[in-house]
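Please read them with the structure open.

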Amino acid sequence: MNYLEKLIFIDNEQHCEELCRILDSKYDITIAGDMKAAGDILRQSKANVSALLINANLQNEIWNAIEYVKNSNKLISIPILIFADENTPEDSFACLGSGVVDCICKPYISKIVKNRIANAISLTDSMSFYGIEALLKHLPSNIFLKDDECRYVFSTKYWHHLKKPDDDPNWTIRGLTDPEVRKDRDNALMAHKKDMEIIETGKGTTYTIEINEDGIQEFFQVIKQPLFNEEGFVTGIVGLINNTTEYELLKKKLREQAITDELTGLYNRAYLDEFIKTHDDDYYPLGIISADCDGLKEINDTYGHTAGDEYIKAAVSLFKQVLPKDSIMFRMGGDEFVILLPATSKEAVMHAAEQLRDTEKTFHIKDQELSISLGISVMASRLDGFDVCVAESDKNMYLEKKGKKKDRDGR
């Protein structure tokens, strides 16, 4: 079943009969004597009314209708048209442009009448470009449109990372590119490069940027898609920017928890496995130090596990105090550690180990001096094999630990 669009005529003298006959097959028509009666129909009608048509001689009803539509809470308003005969006074058309969108005058030609009403309904149903822009400003995301030269057509939000003059309230982003409006030049150039790629290839992209300004770290997800004309040519870019700072910081926190040892704050064994697979070649030669705390069991047995934890943390403090800042430290479990020294020769690794031995006695837990057994190796390239080199440093570490035990036992 086809439902007809609904029209309400306001006419107390039945001047609309001819129009009703013309429109009867196309619209569901209701006639009201005044705006009060029309308002009752509008409130009670299950179907949305598409337009109001008012006799041009009923000036009070026309202005009442304009006021009614203006105060309506509908997102899309109802178009108001007036209809007139040859004797309608000129001042009856003052309402045009003040809320009335069109006028239908005699002689009533069917095709013209239907076309004017359809255009009025279409005009009101469709928002203007600026109306859409104003509506989108209510969303928390930033929605933007750029032309085929990567210039902004509009942007619904002006965030603080834009360089816009504070003394110009009429400043607009329209007609400018990212390098012209963004404070962060690196991000601006990257954004412009991606825009040009979209224009050239017709392929969209999604990426996340980080902005650090005034001590504030923020993350923004940027989604860009090309716009095409009917011939398939790219005519612009539509984009969406979401502030994902909370999500990214949470993700970063969870990532850190996944790869970090809770007690010491060093990287854990899981991250060592990841590092082995992902590190760059410029880390070579890669110095490796295996370390193990001596006498931890005695500390735990004598003073408790809390003191044992402090003993382990004292070892970490020693590493951080003595070793280079770019050292990468892993707690393998218990009191065992692996420390990597990027771009370090065997002589430099041996020197670092000696510095650790010379400094360790300055750390104490209760009346126990810190003692750590160390072993070293150097991985010249990936061909050496990480597991093989760590096994070598572990072997050297256990030999040192065994030697210390012999000295304590007097053998």
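1. Buried here means under 20% relative accessible area and exposed means over 50%. The model is a predicted one. With those cut-offs, the face of helix 7 turned away from its buried side carries Arg185, Asp186, Lys193 and Glu200 as exposed residues.

2. Helix 7 covers residues 185–201, 17 residues in total. From first C-alpha to last, helix 7 reaches 24 Å, close to the 24 Å expected at 1.5 Å a residue.

3. The buried residues of helix 7 are Asn187, Ala188, Ala191, His192, Asp195 and Ile198. Viewed down the helix axis, the buried residues fall within an arc of 135°, so they line one face of helix 7.

4. At the N-terminal end, aspartate 184 caps helix 7, with a side-chain oxygen 3.2 Å from the backbone nitrogen of aspartate 186. Just after helix 7, glycine 202 has a positive phi of about 75°.

5. The volume of the largest cavity is about 170 Å³. Its lining consists of 20 residues, and Tyr152, His161, Asp178, Arg182 and Ile241 lie nearest the centre. Strand 6, strand 7 (152–155), strand 8 and strand 9 are the elements that give two or more residues to this lining.

Note on methods. Residues are numbered from 1 along each chain as its sequence is written. This is a predicted model: local features need pLDDT of at least 70, side-chain atom pairs count only at pLDDT 80 or more; totals for chains, interfaces and linings use all residues. Side-chain values use heavy atoms; hydrogens and water are left out. Helices (H or I, at least four residues) and strands (E, at least two) are DSSP runs, numbered from the N terminus. The expected span of a helix is 1.5 Å times one less than its number of residues. Buried means under 20% relative accessible area, exposed over 50%, partly exposed in between (1.4 Å probe, protein chains only). The arc is that of the directions from the helix axis to the C-beta atoms. A polar contact is a pair of N or O atoms within 3.5 Å; within protein, one must be able to donate a hydrogen and the other to accept it, and residues adjacent in sequence count only if both atoms are side-chain atoms. On a 1 Å grid over the protein atoms alone, a cavity is a set of points where a 1.4 Å probe fits but cannot get out, and a pocket is an open set with protein on both sides within 12 Å along at least five of seven lines; lining residues have an atom within 4 Å of a point. Grid points are joined across faces, edges and corners, and a volume is the space filled by probe spheres set on the points.
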